[in-house]
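My notes follow the structure.

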Amino acid sequence: PIAGHATVTAGRLTIRGLVGRTDGADILTETLQGDAAEAAQLGTELAERMLRLGAREILDSVELSASD
């Protein structure tokens with residue numbers, strides 16, 4: 001599973017991301033906050049941070065199991 005959710009309160013963006021294995025064995029979540037005017041940059045930063053924390057390995061494992 002892959003998920004993203006964002007809210008804006010008083011000009012501040014809170015964006016949350018989730019990447020997990022289909023069996024639920026590993027679930028990675030991360031949250032980032034910043035100025036709502038910088039939404040695209042914050043989204044990119046969140047994605048890059050999640051990849052560094054292990055999202056790439058989770059996504060690769062899901063892709064491999066789907067091709068079996």
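**Entry 1: Ile27.** I started with the contacts of Ile27. Not counting residues up to four places away in sequence, Ile27 touches Leu18, Val19 and Gly20. I take contact as heavy atoms within 4.5 Å. This is a predicted model, where local features need pLDDT of at least 70, side-chain atom pairs count only at pLDDT 80 or more, and totals for chains, interfaces and linings use all residues. Residues are numbered from 1 along each chain as its sequence is written, and side-chain values use heavy atoms, with hydrogens and water left out.

Ile27 sits in strand 3. Helices (H or I, at least four residues) and strands (E, at least two) are DSSP runs, numbered from the N terminus. Is Ile27 buried or exposed? Ile27 counts as exposed, because its relative accessibility is 56%. The cut-offs are under 20% relative accessible area for buried, over 50% for exposed and partly exposed in between (1.4 Å probe, protein chains only).

**Entry 2: Glu30.** Glu30 also needed a look, and it lies in strand 3. Glu30 counts as buried, at 19% relative accessibility. I listed its contacts, leaving aside neighbours within four places in sequence: Ile15, Arg16, Gly17, Leu46, Arg49, Met50 and Leu53. With Arg49, the side chain of Glu30 makes a polar contact of 3.2 Å. A polar contact is a pair of N or O atoms within 3.5 Å; within protein, one must be able to donate a hydrogen and the other to accept it, and residues adjacent in sequence count only if both atoms are side-chain atoms.

**Entry 3: salt bridges.** How many salt bridges are there? I get four, taking a side-chain nitrogen of Lys or Arg within 4 Å of a carboxyl oxygen of Asp or Glu.

Glu30 and Arg49 form one, with the closest N and O atoms 3.2 Å apart. Glu30 lies in strand 3 (residues 27-35) and Arg49 in helix 1 (residues 39-66), so this pair ties together parts 19 residues apart in sequence. Arg49 is partly exposed, at a relative accessible area of 22%.

Arg21 and Asp26 meet through their side chains at 2.5 Å, N to O, in a salt bridge. Arg21 is partly exposed at 24% relative accessibility. Asp26 is partly exposed at 34%.

Asp60 and Arg56 form a salt bridge with closest N and O atoms 3.4 Å apart. They are four residues apart in helix 1, so about one helical turn separates them. Asp60 is partly exposed at 33% relative accessibility, and Arg56 is partly exposed at 40%. I then looked for shared partners: salt bridges join Glu30, Glu45 and Arg49 into one network.

**Entry 4: the largest pocket.** The largest pocket holds about 170 Å³ of space. Of its 13 lining residues, Ile2, Val19, Leu46, Ala47 and Met50 are the closest to its centre. Strand 1 (2-9), strand 2 (12-20) and helix 1 each give two or more residues to the lining. Which element gives the most? Helix 1 does, with seven residues.

On a 1 Å grid over the protein atoms alone, a pocket is an open set of points where a 1.4 Å probe fits, with protein on both sides within 12 Å along at least five of seven lines; lining residues have an atom within 4 Å of a point. Grid points are joined across faces, edges and corners, and the volume is the space filled by probe spheres set on the points.
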